[in-house]
Amino acid sequence: MATIKDIARECGVSIATVSNVVNHTGRVSEKTVTRVMEAADRMGYVPDRVASNLKKRRTNVIGVITEDLTVFNTAEIVDGINEYLDDNGYSFLLGNLRLYKKYNNEFYKNDEYKDAAEREFRVMISQRVSGIIYIGAHVREIDIVPEDCSVPVVVAYGFDKDRKIPSVVYDDELAAYEAVSSLIEGGAKKIGLITGEKKSLHTKLRAEGYKRALSEHGIKENKKLIAAGNWQREGGRKAAEKLMKEDIDAIFSMSDTMSVGVYDYANKSGLKVGKDFRIVSFDNREISAELTPALSSVAIPLSEIGKTAAETMLGMLDGENYEPESLKKLKCRIVKRD
């Protein structure tokens, strides 16, 4: 295989001149460029892109840091990133912080996780990645990106605290609005709400969507129809027991896990889901299709979040005038079942 040195000898020019031609750098006359490129083609020269990238401190590798691969949303987001990078000639290096495994669901309230995340950023940079995509386990403000990070960063399933780092999430509020609207348009008039944890951003935004749907359809909000389930199956069961005392005709549950608790209560109480009351849920977990009757649920665009994060990253790397959105919200869809 011919080298730059061979081409330089063939053309009677310096190695630096040939390097400038094949790497599109420096100032070289058009006549010399033509002569060098013809010689390169004739001699079968193939550029060493790996060596070139190392000199530029740039590789076609993106670092992907996950807070925990075992959290239900993460694997599909990673798969979306993988697909987009594959299609565009990039690979990725994966780092898993295992925060949920180490600190349970409250990990983001533990300062140790910030130290672990910062160490992983350092490791990625030492591996010469061109950029880093950070995947949150919960959609929330994320402020762990080192201020002196030397490569571009994109946050997926979360957003940068100061909105300086491009972030990709889904539209919680709109999804809840559409889910509750579907119940109202199907004839429901007294809709109970089962919420997640009080301090959760998901709870706040989905509650806003619930309230907006009621308001726009002329239904007055009734606080007696709101019950906390705290994301737990047992919480969903207790919430259903409370709401049934208010003679509701439908339920919007903020998670499939809590909805399973609603089914538990219905089965024990002799109520038939879909007949005695209707329910629409959130997350579109595998269990939603296995329940009887099968549960309609909001599907989060997880793969699309990954693809969009990867697209944003490559845009930042390859587009000179590329200006990414500070916060991109993707639309969810309702998967209608029995």
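Student: In this predicted model, which residue does the side chain of Lys307 meet in a salt bridge?

Tutor: The side chain of Lys307 takes part in a salt bridge whose N to O distance is 3.5 Å. The pair links distant parts of the chain, with Lys307 in helix α13 (residues 302-318) and its partner in helix α5 (residues 74-87), 224 residues apart. Side chains of opposite charge can pair when their charged atoms come close. The partner of Lys307 is Glu83.

Student: Is Glu83 buried, partly exposed or exposed?

Tutor: Buried would require under 20% relative accessible area and exposed over 50%. Because the relative accessible area of Glu83 is 36%, this residue counts as partly exposed.

Student: Which residue is linked with Glu118 and Arg122 in a network of salt bridges?

Tutor: Glu118 is partly exposed at 33% relative accessibility, and Arg122 is partly exposed at 36%. The network of salt bridges that holds Glu118 and Arg122 also includes Asp148.

Student: Where does Arg119 lie, and is Arg119 buried or exposed?

Tutor: Arg119 forms a positive surface patch together with Arg98, Lys101 and Lys102. Its place is in helix α7, which spans residues 112-126.

Note on methods. Residues numbered from 1 in each chain as written. Predicted model: local features only at pLDDT ≥ 70, side-chain atom pairs only at ≥ 80, totals over all residues. Heavy atoms only, no water. Patch = residues over 30% accessible without salt bridge, like charges linked within 9 Å, V, L, I, M, F, W, Y side chains within 5 Å. Areas by Shrake-Rupley, 256 points an atom, 1.4 Å probe, with all protein chains shown as cover. Salt bridge = Lys/Arg side-chain N within 4 Å of Asp/Glu carboxyl O. Lys, Arg positive; Asp, Glu negative; His and termini not counted. Charge placed at Lys NZ, Arg CZ, Asp CG, Glu CD. Helix = DSSP H or I, 4+ residues; strand = E, 2+ residues; numbered from the N terminus. Buried < 20%, exposed > 50% of the residue type's maximum accessible area, 1.4 Å probe, protein only.
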